[in-house]
Amino acid sequence: MHDDKKADSPCRESKGHGVPESASSPLMSEQVFRSRLAALCKGPIQVDFTFNRASLLRASLVRGVIKIRIQHAFRAADDNTLKALADFVQKPESSSQAILKGFVQSRSELICFFAEKAQSGQCAQVEYVPEKLLNGRELKPQGRHKNLEKVLAKVADDYRLDAKGIGIFWSQGREIAGPKRRSIRFGSFNSKNRTIRIHPVLDSPVVPDFFIEFIVYHELLHAIFPPTKKPQERRSIHTGQFKQRERLFARYDEAIAFERKFAREKLGMKIK
Ligand SMILES: [Zn+2]
């Protein structure tokens, strides 16, 4: 989703002269903006205001909450723009994007006023580049064959690990394996939003449950044992302690064997 269209009006004059007048809608307070937008959305939302210039709007779905980072200028949104915004963060479509683009073009002065770099005159143009939105369709625990939330609950239960507050989703699987690849990440853990992502190549009937459980177990251990960082030492992700815990997985040897076989036979990787 990239849009190169730029608003015409330069806005160097806006520095230090108070908030530029916004023709039809006055600026809402942050609170009012939040509650009005929330009223238009089905699920919970979290709104953080930014002074960004390039990235005016960014939304992602994190554990069922739509997290929205949006530039302050959107507080001048009229009803129609707010509605488009609510539509966009829930399900991006070209019609709502067009309305948002129109808002950005008509409010470029206000956007530049709120932009961090406007002071130095660097905000000559405003771009509307919504960042890749990870909506419900792309980030789901339910795959075609396996439900990751169930896997996580089972693993947490089996090994008495605390998985509270940890989200789990199928990733978009951009990594493609093949003879040139020596490794593929079947899973990852993001410590910022405490989310586990699993590669969709594992959402297959040929992948036994115990193997997905092993991958989820591994990522859950990352949540429980964060990387250590001793001074003047490389960050250690798979520490000795980590590996010891990993080997406590009931079918560890089988899982490692399956991983090799799967990578070689199904993904065509050159693995001994
Ligand atoms: Zn790992």
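**Exercise 1.** Among contacts in the chain between residues at least 6 apart in sequence, what percentage join residues at least 24 apart?

*Solution.* The structure is a predicted model, in which local features need pLDDT of at least 70 and side-chain atom pairs count only at pLDDT 80 or more, while totals for chains, interfaces and linings use all residues. Residues are numbered from 1 along each chain as its sequence is written. Two residues are in contact if their C-beta atoms, placed from the backbone, lie within 7 Å. Of the contacts in question, 64% join residues at least 24 apart.

**Exercise 2.** State how many helices and strands the chain has, and give their order.

*Solution.* Helices (H or I, at least four residues) and strands (E, at least two) are DSSP runs, numbered from the N terminus. The chain has 8 helices and 6 strands. From the N terminus on, their order is α-β-β-β-α-α-α-α-β-β-β-α-α-α.

**Exercise 3.** Identify the buried residues of helix α5 (residues 148-158) and explain their placement.

*Solution.* A residue is buried if 20 or more other C-beta atoms lie within 10 Å of its own, exposed if 12 or fewer, and partly exposed in between, with C-beta atoms placed from the backbone.
- Step 1. In α5, Leu 148, Val 151, Leu 152 and Val 155 are buried.
- Step 2. These residues lie on the same side of α5, because they cover an arc of only 100 degrees around the axis; the arc is that of the directions from the helix axis to the C-beta atoms.
- Step 3. An α-helix has 3.6 residues a turn, so residues three or four places apart point the same way.
- Step 4. The partners of the buried residues of α5 are β4 (167-170), β6 (195-198) and α6 (209-224).

**Exercise 4.** Describe how α5 and α6 cross and which residues meet.

*Solution.* Axes are lines fitted to C-alpha atoms, for helices over the stretch in contact, and angles run from 0 to 180 degrees between N-to-C directions.
- Step 1. The two axes come within 9 Å and cross at roughly 70 degrees.
- Step 2. Angles under 35 degrees count as roughly parallel, over 145 as roughly antiparallel, 65 to 115 as roughly perpendicular and the rest as oblique. α5 and α6 are therefore roughly perpendicular to each other.
- Step 3. Val 151, Leu 152, Lys 154, Val 155 and Ala 156 in α5 meet Ile 212, Glu 213, Val 216, Tyr 217 and Leu 220 in α6.
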